[in-house]
Amino acid sequence: MSQSRAGKSSAGELGEFLRSRRAAVTPEQLGIAPSYGDRRRVPGLRREELAELAGVSTTYYTRLEQGENHQVSDAVLDAIARVLKLSPDERAHLHRLARALPPVRGAGHEDQVRAPVRDLVAGSRGAAVLVGRRTDILAGNPLGYALWGLTPEEIAGIGTPQAPNQARRVFLGPAARALFADWERQAEDLVAYLRLATAERPDDLALHQLVSELATGSDDFARLWRDHPVRDCLHTVRRYRHPVVGELELNEEILRLPDDPGQRLIISAAEAGTPSAERLALLGSLTAS
């Protein structure tokens with residue numbers, strides 16, 4: 001993708017992102033009292049209300065939503081972020097879109113798993129899976145594969161161009177919808193990450209092709225994508241309805257590899273002494289045998 005095309009794409013994304021966030025903030029949240037007889041035709045804030053609270057003219061803000069962002073200052077972006085109550089990830093996303101910043105380090109290379117990392121993953125005590133920046137499954141241990149329900153064919157494809165992709169599995173595969181008890185949350189987490197990743201890596205053609213494939217093949221993905229969720233992957237509690245051992249509630253920790261940008265080691269473990277710990281141990285013993 002050329003720099004000019006990336007800039008145009010960022011401008012369009014900027015307007016869509018601002019409109020989605022403006023629609024998500026209600027006047028009541030900001031202490032704006034409704035006028036007598038006021039019939040609001042738009043959800044959330046009006047452009048003029050946001051502009052006034054951010055200290056800019058309505059014309060200036062309107063041009064920003066339309067992609068005319070050549071001279072916008074950090075102070076203006078921070079003021080808009082404050083009014084829209086953006087999270088730190090969303091604030092950084094706003095600055096990246098407005099500035100059309102260059103891709104992050106490592107955006108133009110394929111994910112390669114270093115041997116020490118592969119050994120670390122294989123030797124992890126919990127269920128461990130290594131995921132790349134496009135959500136490809138790059139490595140894992142047997143318990144991690146069993147927890148995520150990978151088939152023998154998917155496991156055989158790891159490390160090849162046919163590696164299983166977790167976003168595809170969640171949105172295009174019925175097994176994942178049954179596996180994750182909180183499927184909607186898992187789905188939104190993936191969309192929010194992909195929103196962040198595509199803005200950071202405008203020149204990663206394969207990543208953008210993945211998004212197009214998911215938007216075409218999944219109505220749920222297309223719906224969530226239109227909402228513009230933006231956040232990085234964070235630790236969480238994940239609930240499973242596992243077909244072999246039943247319900248599990250696991251702590252999911254995510255470790256980023258600074259020397260391998262975009263790669264994330266996802267480790268799932270249960271609190272000691274809980275039914276989930278017993279079931280996870282059973283899954284481990286069944287996998288080992």
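Predicted model: local features only at pLDDT ≥ 70, side-chain atom pairs only at ≥ 80, totals over all residues.

Visitor: Which residue does glutamate 65 form a salt bridge with?

Guide: Its partner is arginine 47, and the closest N and O atoms of the two are 3.0 Å apart. Arginine 47 belongs to helix 2 (residues 47-54) and glutamate 65 to helix 3 (residues 58-65), so the pair links distant parts of the chain, 18 residues apart.

Visitor: And is arginine 47 buried or partly exposed?

Guide: Arginine 47 counts as partly exposed, because its relative accessibility is 26%, whereas buried means under 20%.

Visitor: How many salt bridges are there in the whole structure?

Guide: A search of the whole structure finds 22. One of the others is formed by glutamate 154 and arginine 169, with the closest N and O atoms 3.1 Å apart. Glutamate 154 sits in helix 8 (residues 152-157) and arginine 169 in helix 9 (residues 166-172), so this pair ties together parts that are 15 residues apart in sequence. Arginine 169 is buried, its relative accessible area being 13%.

Visitor: Which residues are linked in a network of salt bridges?

Guide: The network links Glu188, Asp189, Arg231, Arg238 and Glu252. Within it, the side chains of arginine 231 and glutamate 188 meet at 3.5 Å, N to O. Arginine 231 lies in the loop between helix 13 (219-226) and strand 3 (236-242), while glutamate 188 is in helix 11, so the pair ties together parts that are 43 residues apart in sequence. Arginine 231 counts as partly exposed at 25% relative accessibility, and glutamate 188 counts as partly exposed at 29%.

Visitor: What about helix 11, is it mostly covered or mostly open?

Guide: Helix 11 is mostly covered, since 13 of its 18 residues are buried. At 1.5 Å a residue, its 18 residues (183-200) should span 26 Å, and the end C-alpha atoms are 26 Å apart, which agrees.

Visitor: Okay, changing topic: how many residues of strand 1 are buried?

Guide: In strand 1 (residues 127-131), 5 of the 5 residues are buried, so the strand is largely enclosed by the rest of the structure. Ala127, Val129 and Val131 point one way from strand 1, and Ala128 and Leu130 point the other way. In a regular strand, side chains alternate between the two faces of the sheet.

Visitor: Which strands pair with strand 1?

Guide: Strand 1 pairs in the antiparallel sense with strand 5 (residues 264-269) over 5 bridges, and alanine 128 stands opposite isoleucine 267 there. Strand 1 also pairs in the antiparallel sense with strand 2 (residues 137-140) over 3 bridges, where leucine 130 stands opposite alanine 139. The hairpin of strand 1 and strand 2 has 5 residues between the strands, and threonine 135 takes a positive phi near 70 degrees in it.

Visitor: Last one: what does the chain contain overall?

Guide: The chain has 14 helices and 5 strands, and 46% of its 289 residues count as buried. Its accessible surface comes to about 15000 Å², of which 52% belongs to carbon and sulfur atoms.

Definitions and conventions:
Residues numbered from 1 in each chain as written. Heavy atoms only, no water. Helix = DSSP H or I, 4+ residues; strand = E, 2+ residues; numbered from the N terminus. Buried < 20%, exposed > 50% of the residue type's maximum accessible area, 1.4 Å probe, protein only. Areas by Shrake-Rupley, 256 points an atom, 1.4 Å probe, with all protein chains shown as cover. Expected span 1.5 Å × (residues − 1). Pairing = 2+ DSSP bridges. Salt bridge = Lys/Arg side-chain N within 4 Å of Asp/Glu carboxyl O.
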